[in-house]
There are 2 protein chains.
Amino acid sequence: MLSTTARTTLRRSKDRARTDRADLYAILDAGLICHLGVLAGGSPMVIPTGYGRIGDTLYLHGSTAATSLRAALGTPVCVTVTHLDGVVLARSAFHHSVNYRSAMVYGLARMVDDPEERLAGLRAVTEQLAPGQWDAVRLPDRKEMAATAVVALSLEEASVKVRQGPPKDDEEDYDLPVWAGVLPLTVSWGAPEPDPRLAPGIPVPPHIGNRQPRL
Amino acid sequence: MLSTTARTTLRRSKDRARTDRADLYAILDAGLICHLGVLAGGSPMVIPTGYGRIGDTLYLHGSTAATSLRAALGTPVCVTVTHLDGVVLARSAFHHSVNYRSAMVYGLARMVDDPEERLAGLRAVTEQLAPGQWDAVRLPDRKEMAATAVVALSLEEASVKVRQGPPKDDEEDYDLPVWAGVLPLTVSWGAPEPDPRLAPGIPVPPHIGNRQPRL
Ligand SMILES: Cc1cc2nc3c(=O)[nH]c(=O)nc-3n(C[C@H](O)[C@H](O)[C@H](O)COP(=O)(O)OP(=O)(O)OC[C@H]3O[C@@H](n4cnc5c(N)ncnc54)[C@H](O)[C@@H]3O)c2cc1C
Ligand SMILES: Cc1cc2nc3c(=O)[nH]c(=O)nc-3n(C[C@H](O)[C@H](O)[C@H](O)COP(=O)(O)OP(=O)(O)OC[C@H]3O[C@@H](n4cnc5c(N)ncnc54)[C@H](O)[C@@H]3O)c2cc1C
Ligand code: HEM
Ligand code: HEM
């Protein structure tokens, strides 16, 4: 089950809440990037960034000097992962909506210091955006690790909200001669574009060429 | 030109900054949703939401009772719009990246009270997510308008960051027998799904059926 703290309790469209932890995992595992909210210099700062999940921990990474990661430490943060699945076209402007799956995670971020956890966190971040690559490429060396901050956030306090299905119009509007329904949105991978400096004779590996959207 | 305030000055990968206001407009106009960061109850809150742009003003909308919109008023907020264009696959884990275009806007949000501006703002929000619909559907009535908050944010203080192109590996890694390049990501519209309650004989209008991604 997901948490039921005050700040993770939906106040609008509460019927769209999902309370099963599996729904949180599904949304996170299907995503590619998140938006990290931190308080920086008295103002919220919303940074798009990659992430990875191991169990009930979310990992982020970046420069040891990154403003957002430094600001994230020891203060409350919010990480949001959003899937926009379609636009809901109603007979009235008011009842327009979107179909979506989204997750919000609140907590205190912590700097990961343990070398093994740092490597595991970076592996999770890498496999989230580029599955199969960790075992295919040159792994980080000491200098690269020293430049890198790995930040962890517990998934303990999180909420999930989902909208699906057709529009809901006012009863009297169903007679209007207006098309209504859903225009679905899909995300897909294009053909791999080789690096201009790629050495001849290196084929596209299947984990890249046959990559499927996680949905 | 974009602003050059301290908080909108890129500190990491500064060469990826764009300073032309036209780049900001292009990223906003091509987007579908944003992530709104507000300070709520001592913690950042990152809410996915629709938006629309008129000139140098961004409009958001929602319930007059929405936590995020209420928290947005009179305090600093940050709105981020992100396009993920591809995953950059390098020969080393460290040099993996993503191709992207993103915009961050900082400012004080204001509640829109003027009835004309409220309607214009809602029209902009509607046309951003569902172009062509404003002229096709039943427009908001007095009761619907009374339930709706329209919030405005100036685009005065904003930054744009863009990464494009192939990976950049360490010189000695170009000899590794590892495929490298970019796996592009595209967003596209699926076939319109009619509302099960759609009256017979109403065709899909061209602005819905032939909708092109804005890119
Ligand atoms: C899809 C996507 C995925 C990303 N993944 C990662 C990742 O996994 N790890 C990582 O370290 N970084 C990632 N980035 C880059 C990230 O958004 C930041 O730019 C970077 O981490 C530097 O952050 P900082 O906190 O040091 O920002 P600073 O450079 O200190 O930010 C100062 C100011 O620069 C501007 N700025 C910074 N970043 C952006 C931006 N992205 N768009 C517009 N304006 C900006 C803002 O006005 C900000 O207030 C990603 C970006 C995108 C769009
Ligand atoms: C792609 C997309 C587009 C959207 N567009 C709009 C829009 O244009 N206008 C609009 O009013 N709303 C929009 N929403 C819904 C929006 O994200 C909020 O859920 C809604 O506005 C209620 O906000 P609130 O500030 O009152 O939150 P409250 O319901 O008061 O939030 C309380 C708690 O509920 C949880 N919660 C709230 N929203 C979400 C969420 N989306 N995902 C996960 N947990 C959540 C969080 O834990 C939050 O702290 C959109 C959502 C998505 C995913
Ligand atoms: C699929 C795997 C990865 C992806 C998609 C990725 C993506 C990114 C992105 C987009 C940035 C921001 C660059 C910018 O500011 O535009 C970044 C920064 C950074 N990444 Fe990664 N990364 C990955 C793996 C790694 C690994 C394995 C390491 C460390 C060993 C690492 C270390 C860093 C560091 C140190 C920075 C900060 C660079 C700077 O600001 O100078 N990354 N990463
Ligand atoms: C394309 C046009 C529009 C889209 C895509 C859209 C989308 C949304 C979404 C996704 C929500 C959040 C619902 C949720 O919590 O899950 C919302 C809320 C809301 N919208 Fe819109 N909207 C549009 C147009 C309008 C218009 C024109 C009005 C007013 C006249 C309006 C008024 C409202 C109100 C009042 C809420 C709050 C509902 C509540 O929390 O009770 N919307 N909108």
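Visitor: Why is the site of ligand 3 described as shared?

Guide: In this predicted model, 21 residues surround ligand 3, and the closest are A:His61, B:Arg12, B:Arg16, B:Tyr100 and B:Lys161. Because the surrounding residues come from two chains, the site is shared between chains A and B.

Visitor: Which strands and helix each supply at least two residues of the shell around ligand 3?

Guide: By residue class, the shell around ligand 3 divides into ten nonpolar, eight polar and three charged residues. By element, the contributors of at least two residues each are, from chain A, strand E5 (57-63) and helix H3 (115-129), together with, from chain B, strand E7 (97-108).

Visitor: How many Å separate an oxygen atom of ligand 3 from an N or O atom in the side chain of B:Arg16?

Guide: Side chains of both chains make polar contacts here, for a nitrogen atom of ligand 3 is 2.8 Å from an N or O atom in the side chain of A:His61, while an oxygen atom of the ligand is 3.1 Å from a polar side-chain atom of B:Ser13. For an oxygen atom of ligand 3 and an N or O atom in the side chain of B:Arg16, the separation is 2.6 Å.

Visitor: Which residue is the only protein donor of the iron atom of ligand 4?

Guide: Several residues make polar contacts with ligand 4, among them A:Lys161, whose side chain has an N or O atom 2.8 Å from an oxygen atom of the ligand, and A:His96, which has a polar backbone atom 3.4 Å from a nitrogen atom of the ligand. A residue found in strand E5 of chain B also has a side-chain N or O atom 2.9 Å from a nitrogen atom of ligand 4. Through its NE2 atom, at 2.1 Å, the only protein donor of the iron atom is B:His61.

Visitor: In which order do the four strands of the open sheet of chain B run?

Guide: The edge strands, each pairing on one side only, are strand E4 (52-54) and strand E8 (110-111) of chain B. E4(B) and E5(B) pair in the antiparallel sense over three bridges, and B:Arg53 has B:Leu58 in E5(B) as its bridge partner. The pairing in the sheet is antiparallel, and the order is E4-E5-E9-E8.

Visitor: What angle does the direction of H3(B) make with that of E4(B)?

Guide: H3(B) packs on this sheet, where it touches E4, E5, E8 and strand E9 (148-154) of chain B. The direction of the helix makes with that of E4(B) an angle of about 125°.

Visitor: Which chains surround ligand 2?

Guide: Around ligand 2 there are 26 residues, the closest being A:Arg7, A:Ser102, A:Ser159, B:Thr67 and B:Ser68. The surrounding residues come from two chains, so the site is shared between chains A and B.

How values were computed:
Residues are numbered from 1 along each chain as its sequence is written. Chains are lettered from A and ligands numbered from 1 in the order in which they are written. This is a predicted model: local features need pLDDT of at least 70, side-chain atom pairs count only at pLDDT 80 or more; totals for chains, interfaces and linings use all residues. Side-chain values use heavy atoms; hydrogens and water are left out. A polar contact is a pair of N or O atoms within 3.5 Å; within protein, one must be able to donate a hydrogen and the other to accept it, and residues adjacent in sequence count only if both atoms are side-chain atoms. Donors are N, O and S atoms within 2.8 Å of the metal (3.2 Å for Na, K and Ca); water is not among the atoms, so sites may look incomplete. Two strands pair if DSSP finds at least two bridges between them. Contact means heavy atoms within 4.5 Å. Axes are lines fitted to C-alpha atoms, for helices over the stretch in contact, and angles run from 0 to 180 degrees between N-to-C directions. A residue is near a molecule or strand if one of its heavy atoms lies within 4 Å of it. Ala, Val, Leu, Ile, Met, Phe, Trp, Tyr, Cys and Pro count as nonpolar, Asp, Glu, Lys and Arg as charged, and the others, Gly among them, as polar.
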